[in-house]
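User: I'm new to this structure and would like to learn how to read its features. Could you walk me through some of them?

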Amino acid sequence: MSEQTQARGGTARRVVVVGAGMAGVQTAVALREQGFAGGVTLIGAEPHQPYDRPPLSKAVLLGKAEGSAFDVDFEALGIELELGRAATGLRPEDHELDTERGPVAYDVLVIATGAEPIRLPGAEGVPGVHLLRTLDDAERLRPVLARQHDIVVVGAGWIGAEFATAAREAGCAVTVVEAADRPLAGALPAEVAAPMTSWYADSGAELRTHARVERIEPGAVVLDDGSRVPAGAVVVGIGARPATAWLAGSGIELGVHGEVLADDHLRTSVPDVYAVGDCASFPSGRYEERLLVHHWDNALQGPRTVAANIIGQTPVAYDPVPYFWSEQFGRFVQYVGHHASADTTVWRGDPEGAAWTVCWLREGRLVALLAVGRPRDLAQGRRLIEAGTPMNPALLSDPSRPLKEATA
């Protein structure tokens with residue numbers, strides 16, 4: 001930690017947080033909760049009061065809520081908000097962040113700029129093509145759903161499934177086109193994603209796999225096999241990438257996906273700069289690999305580590321058990337852990353039924369779990385993963401037995 005960070009008895013004079021999503025807001029709040037008395041400035045590119053993203057694909061989209069602003073009294077906490085001010089560059093040697101409205105000096109900087117949606121090549125500027133990442137995106141899509149357009153969703157990932165769910169609830173005809181052979185191809189093994197395929201038809205949505213978009217025309221999506229899918233509107237949900245292009249030339253080390261390469265305390269490669277949330281990866285001792293986690297819970301947990309470091313405490317390494325949830329087609333899907341290194345898969349319940357769980361083990365210990373309509377499995381599994389408890393696969397496969405009683 002530099003002398004600058006150590007100023008005034010272990011607290012920095014001014015912390016600037018760039019990015020006003022969950023990770024940025026929680027970092028600013030955590031600094032105050034942990035007793036930081038210096039200046040805190042939160043800079044956001046959007047003009048809106050900082051807001052939570054998960055409701056955008058649900059309540060906000062369907063008109064059940066006007067917005068999802070965080071319930072935080074920034075003024076009372078002494079957090080200065082600078083909204084509608086995008087970051088354009090970083091000069092660590094000068095301890096200055098460049099923005100559209102001029103430079104901002106910092107003693108400590110926290111990068112929390114999140115991720116941005118991947119755009120569909122050739123779809124730029126085509127009328128009726130939408131993304132769903134921001135409050136403005138959701139507000140543009142709300143009247144589209146209200147008019148019950150024929151909607152084509154490109155991508156059968158988490159966001160595509162959630163949007164398709166909302167569109168069907170609004171009474172729209174929905175076709176989901178997916179280039180891979182199944183939904184969630186990038187997130188789950190084939191045998192786990194397979195049961196989810198029928199969810200689309202059950203909800204009245206059409207899922208077309210092995211379907212690549214050739215081009216988008218007014219009123220239609222043309223696939224690479226020549227078929228045309230009617231489309232009053234197109235929603236693209238083909239993934240997201242860290243929003244870090246503005247760091248070019250800064251000396252901040254980035255990974256292959258453009259993410260900031262943070263260490264196990266979420267420090268970047270340059271002094272006095274941290275990174276947290278969707279824009280940063282970190283080394284996991286638990287999973288023995290670097291993790292890039294694009295989920296809400298990571299943006300909630302990481303800021304506590306960052307704040308403790310800035311204040312001068314020595315927290316344990318940041319090594320969470322990743323967690324996320326998705327509400328789609330009338331089902332509550334939860335995932336905890338990281339299954340890439342698993343050597344055994346154990347099913348609990350019938351995947352054709354309403355509620356079932358998949359457990360992944362490595363050397364007899366639970367490393368990840370996917371629960372569909374079984375929140376108790378998720379809660380118990382999370383604790384078992386954190387504890388590294390040895391499991392008994394035979395007991396684990398009995399869905400009537402509580403997970404915590406299936407230990408070796």
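Analyst: Let's start with cysteines: a disulfide is a pair of cysteine sulfur atoms within 2.5 Å. By this rule the count here comes to 0 disulfides. A word on the source: this is a predicted model, where local features need pLDDT of at least 70 and side-chain atom pairs count only at pLDDT 80 or more, while totals for chains, interfaces and linings use all residues. Residues are numbered from 1 along each chain as its sequence is written, and side-chain values use heavy atoms, with hydrogens and water left out.

User: Is C279 buried or exposed?

Analyst: Buried means under 20% relative accessible area, exposed means over 50%, and partly exposed is in between (1.4 Å probe, protein chains only). C279 has a relative accessible area of 0%, so it is buried. C359 is buried too, at 0% relative accessibility.

User: How many aromatic pairs does the structure hold?

Analyst: Rings of Phe, Tyr and Trp (its six-membered ring) pair if their centres lie within 6.5 Å; planes under 30 degrees apart count as stacked, over 60 as edge-to-face and the rest as tilted. There are 8 aromatic pairs here. Take F324 and Y335: their ring centres are 5.5 Å apart and the planes meet at 25°, so this pair is stacked. It links distant parts of the chain, with F324 in strand β22 (residues 323-328) and Y335 in strand β23 (residues 331-337), 11 residues apart. Strands (E, at least two residues) and helices (H or I, at least four) are DSSP runs, numbered from the N terminus.

User: What does Y335 do with W360?

Analyst: Y335 and W360 form a tilted pair, 5.9 Å centre to centre with 55° between the planes. W360 sits in strand β25 (residues 356-362), 25 residues from Y335. Both Y335 and W360 are buried. Together, W158, F324, Y335 and W360 make one aromatic cluster.

User: What is the strand order in the open sheet of 5 strands?

Analyst: Two strands pair if DSSP finds at least two bridges between them. The order is β9-β16-β10-β11-β12, with parallel pairing. At the edges, β9 (129-130) and β12 (206-208) each have a single partner strand, so one side of each lacks a neighbour in the sheet. Strands β10 (residues 150-154) and β16 (residues 233-236) pair over 4 bridges, and V153 stands opposite V235 in β16.
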